[in-house]
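Please look over the sequence and the structure shown below, and keep them in view while reading this report. The sections go from the whole chain to a single residue.

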Amino acid sequence: MMNKSKQKEKILVIDDTPNTLEMLQRNLSSKGFQVFQSENVSDALGILETVNIDLVITDYKMPGANGIELVRHVRENYKDIEIMMITGYPSINGAVEAMKEGAENYLAKPFTKEELFEAVKTALESLKLKRKTGEVAGKLLPSVCGIIGESKAMQAVLNTIEKAAATDATVLITGDSGTGKELVSREIHYKSNRSTAPFVPVNCGGIPDGLLESEMFGHVKGAFTGATESRAGFFQTADGGSIFLDEISETSLAMQVKLLRVLQDKEICMVGSRRAQKVNVRIIAATNKDLETLVRKGKFREDLYYRLNVLSIGVPPLRERENDIILLINYFIDKFASDLRETKPYFTEKALLAMRNYDWPGNVRELENIIQRLVVMKEGNEITVPDLPSQMRFSTHREPNLKRNLAEVEIEHIRNVLASVNGNKSAASEILGIDRKTLRKKLSDFEDKVTD
Ligand SMILES: Nc1ncnc2c1ncn2[C@@H]1O[C@H](COP(=O)(O)OP(=O)(O)OP(=O)(O)O)[C@@H](O)[C@H]1O
Ligand SMILES: [Mg+2]
């Protein structure tokens, strides 16, 4: 879990020749980059909108919009992306033009693998340097446990994690099944100053009530039949570290009283002993139930609820972080393909769309399982709509998201229109019925809001 910390750089490659695209994809993936690909500029624009790309590598000559137009679009709309242009040997002029438009790097065809790696390395180093010197702001919060999430919703979660990690306060994590509650709790622990002490997850719903107390607090010799010697519980094991009480709603009222005592007095009693012992454990609890309702129904102690809910983190369902779906798909493809030492398959545009529009009742866990199955079962290198599970194949349009404000709807429409005219601002402003200046202002206002 810990070594996922290094975020892979994301490279978008655009080339109208499938062979070149495949070669770039294969070589760059083998170097550990996360690679996104597109055969034309307009699909590339869609990817740029949803994924935080670090480096764009684009062909120069392509049917439809060409590489220069893409360079221009990236320069006008994204500050934080490095661009590399691939040019055929007779068109060194193209390279000059590309540089003028702001493609900082170029690679002349034909090139070897080594030349490619060298050029990519240089481009990424220069990006890193720019980020460091503040020329562009690296704005994403890094995760130590491999939490993938660049959507606003997940960035807010990472933000709260950051705050939680800086304190010893009890945290209550809520969220539907499979949203990543356990991962979030690990992240808190490993970012806190308890990170070198144990993180002990306890599934409160999975341990029979009769056993839970001794599992939690340990027991002394002779405490009950079969207790031939004394044994430590989860709390002793977690000493100095954190305990994760998963499915906290499943604990009995009797157990809740004991947990309340731990929270109030920071002490526990081993089963069969009257002597209280101090423990130094940070408690993180999670539930996919609505604890307030359970409190109202008398199934969960109100005082315990308030003691647990000092800091709360609500992990959003996956369908509310649409922008993360593509990232997670890529992440899991990488993970499972490299586990199996398989080449990385890629999704067709339509298959990706179906995945993005699906409503993911099982959240990230469902996505993880589906990708694993697709990687294991795949026959060719391409995953198409018929390969997808049936519930997904028909999800090509979705219910409107009713939680967005007008500004968000507006910017999405603006970006869609821009993409439809390959980034041409004059054409877009004509369609939108506003002048170019207003359009540019709307785009930059929105950028400012996001980076604030
Ligand atoms: N943002 C994320 N990035 C990467 N992997 C994730 C993310 N969220 C969840 N996962 C992965 O998805 C799976 C489910 O996550 P986790 O077990 O944390 O969910 P949960 O909310 O505890 O689910 P449940 O309620 O079913 O116990 C895990 O394999 C986890 O590593
Ligand atoms: Mg869980």
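This is a predicted model: local features need pLDDT of at least 70, side-chain atom pairs count only at pLDDT 80 or more; totals for chains, interfaces and linings use all residues.

## A pair of facing residues

Strands β7 and β8 belong to an open sheet of five strands, whose order is β7-β8-β11-β6-β12 and whose pairing is parallel. At its edges lie β7 (199-203) and β12 (311-314), each of which pairs on one side only. From one strand to the next, the twist averages 20°.

Helix α6, made of residues 152-165, lies across β6 (171-174), β11 (282-287) and β12, and the helix runs at about 155° to β12.

## The chain as a whole

The protein chain contains 19 helices and 14 strands, and buried residues make up 47% of its 452 residues. Among the contacts in the chain with a separation of 6 or more, 70% are accounted for by residues 24 or more positions apart. The chain exposes about 22,700 Å², of which carbon and sulfur atoms supply 51%.

Which residues touch the most other members of the largest nonpolar core? They are L48, F347 and I371, in a core that counts 51 residues. Several elements give two or more residues to this core, including strands β1 (10-14) and β4 (82-87) and helices α2 (41-50) and α3 (67-77). Helices α13 (322-339), α14 (349-357) and α15 (363-377) are also on that list, and α13 gives the most, with 10 residues.

Leaving aside residues up to four places away in sequence, I371 touches I329, F332, I333, F336, F347 and M355. Apart from this core lies another, of 31 residues, and among its members are L172, V202, I207 and V262.

## A buried asparagine

The side chain of N77 reaches the backbone oxygen of H73 at 2.8 Å.

Definitions and conventions
Residues are numbered from 1 along each chain as its sequence is written. Chains are lettered from A and ligands numbered from 1 in the order in which they are written. Side-chain values use heavy atoms; hydrogens and water are left out. Two strands pair if DSSP finds at least two bridges between them. Helices (H or I, at least four residues) and strands (E, at least two) are DSSP runs, numbered from the N terminus. Axes are lines fitted to C-alpha atoms, for helices over the stretch in contact, and angles run from 0 to 180 degrees between N-to-C directions. Contact means heavy atoms within 4.5 Å. A nonpolar core is a set of buried Ala, Val, Leu, Ile, Met, Phe, Trp, Tyr and Cys residues joined through side-chain atoms within 4.5 Å. Buried means under 20% relative accessible area, exposed over 50%, partly exposed in between (1.4 Å probe, protein chains only). Accessible areas come from the Shrake-Rupley method with a 1.4 Å probe; for residues, only the protein chains shown count as cover. A polar contact is a pair of N or O atoms within 3.5 Å; within protein, one must be able to donate a hydrogen and the other to accept it, and residues adjacent in sequence count only if both atoms are side-chain atoms.
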